[in-house]
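The following paragraphs lead the reader through a protein structure, from the chain as a whole to individual residues. Please keep the structure in view while reading.

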Amino acid sequence: MNKRNISLIIADDHPIMLKGLAEELENAGYNIVATANNGAAAVEIIALHKPSIALLDIEMPFFNGFEVIKNCQGLQLDTKFVVMTYHKEKGFIVQAKKVGTHGYLLKEDNLDEIEACIKAVLLDEFYFSKSFQEDIKYTVDNELRKVGLLTPSERTIIRLIAQGKNSAEICETLKVSKRTIEKHRANIIAKLELESSLDTLTQWTTDYKEIIMSL
């Protein structure tokens with residue numbers, strides 16, 4: 001693998017992180033074609049340079065990393081998208097898979113880990129930081145599968161649960177009976193393979209709030 005043939009753009013709103021990562025990868029032999037300090041600028045330089053890989057912070061002004069990926073999906077690019085973040089929550093990882101991210105790294109990862117990710121995504125493999133437990137890929141894929149089983153009405157209800165609404169408030173919002181909501185809750189719990197209690201569903205919506213709010 002000739003590193004000079006691998007073009008990278010890096011987007012991060014933290015100037016020290018952005019400068020340090022760009023210098024480290026350039027010193028390692030990669031071709032850093034451009035950097036950006038916000039999501040809108042990232043979309044522009046990705047569209048212009050069509051890099052091999054875009055390394056994106058998740059939390060940036062204007063567009064976050066996931067929104068950058070969504071905005072680039074209609075551009076017919078061969079670019080591989082890798083997010084770098086401090087977030088280890090399952091919900092962020094599930095959302096990353098859902099929007100078409102190719103790799104998920106943590107900002108604590110060293111250069112060897114970043115290079116391993118670059119190699120993997122260029123081979124069309126999804127790469128998780130090794131800081132995660134070995135079973136994380138199964139967990140993420142399994143949660144995405146289960147969410148895909150929910151009907152539009154069930155997705156609306158779990159979004160409202162994730163917003164902190166109780167059954168009475170959901171009934172009022174949707175203008176339906178308590179019995180209807182209880183039936184939907186039971187169906188959601190069954191499809192998500194949760195224990196039959198209110199607390200487990202509430203906890204699930206907390207763990208996966210990011211993916212729920214994007215449904």
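Helices and strands are DSSP runs, numbered from the N terminus: a helix has at least four residues and a strand at least two. With this numbering in hand, the loop between S3 and H3 can be located, and Phe 62 lies in it. The model considered here is predicted.

Consider the chain as a whole. It contains 11 helices and six strands. Its C-alpha atoms fill a box of roughly 60 × 35 × 30 Å, taken along the principal axes. Of the 215 residues in the chain, 46% are buried. Where contacts link residues at least 6 apart in sequence, 61% of them join residues at least 24 apart.

One part of the chain carries an annotation. The UniProt record, an unreviewed entry, places the feature "domain: Response regulatory" at residues 7-122. This span is 47% helix and 22% strand, and its end C-alpha atoms lie 11 Å apart.

Which residues is Ile 46 in contact with, once its neighbours within four places in sequence are left aside? They are Ile 9, Pro 51, Ala 54, Leu 56, Val 68, Cys 72, Leu 77, Thr 79 and Phe 81.

Strand S3 also holds Asp 57. For this residue, the unreviewed UniProt entry lists "modified residue: 4-aspartylphosphate". Is Asp 57 buried or exposed? Its relative accessible area is 7%, so Asp 57 is buried, given that buried means under 20%. Not counting residues up to four places away in sequence, Asp 57 touches Ala 11, Asp 12, Asp 13, Gly 65, Met 84 and Lys 107.

Lys 50 lies in the loop between H2 and S3, and its phi is near 45°, a positive value in a residue other than glycine. Phe 62, in the loop between S3 and H3, is not a glycine either, yet has a positive phi of about 70°. Exposed means over 50% relative accessible area. Lys 50 therefore counts as exposed at 52% relative accessibility, and Phe 62 counts as exposed at 68%.

Finally, consider a pair of helices. Two packed helices are described by the angle between their axes and the distance between the axes. The axes of H7 (residues 152-162) and H9 (residues 178-191) come within 10 Å and cross at roughly 95°. Angles of 65 to 115 degrees count as roughly perpendicular, and H7 and H9 are therefore roughly perpendicular to each other. In H7, the residues Ser 153, Glu 154, Ile 157, Ile 158 and Ile 161 meet Ile 181, His 184, Arg 185, Asn 187, Ile 188 and Lys 191 in H9. By class, this contact has five nonpolar, three polar and three charged residues.

Terms used
Residues numbered from 1 in each chain as written. Predicted model: local features only at pLDDT ≥ 70, side-chain atom pairs only at ≥ 80, totals over all residues. Heavy atoms only, no water. Axes fitted to C-alpha atoms, helices over the stretch in contact; angles between N-to-C directions. Parallel < 35°, antiparallel > 145°, perpendicular 65-115°, else oblique. Contact = heavy atoms within 4.5 Å. Nonpolar A, V, L, I, M, F, W, Y, C, P; charged D, E, K, R; others polar. UniProt positions renumbered as here; feature names shortened; annotations may be inferred. Buried < 20%, exposed > 50% of the residue type's maximum accessible area, 1.4 Å probe, protein only.
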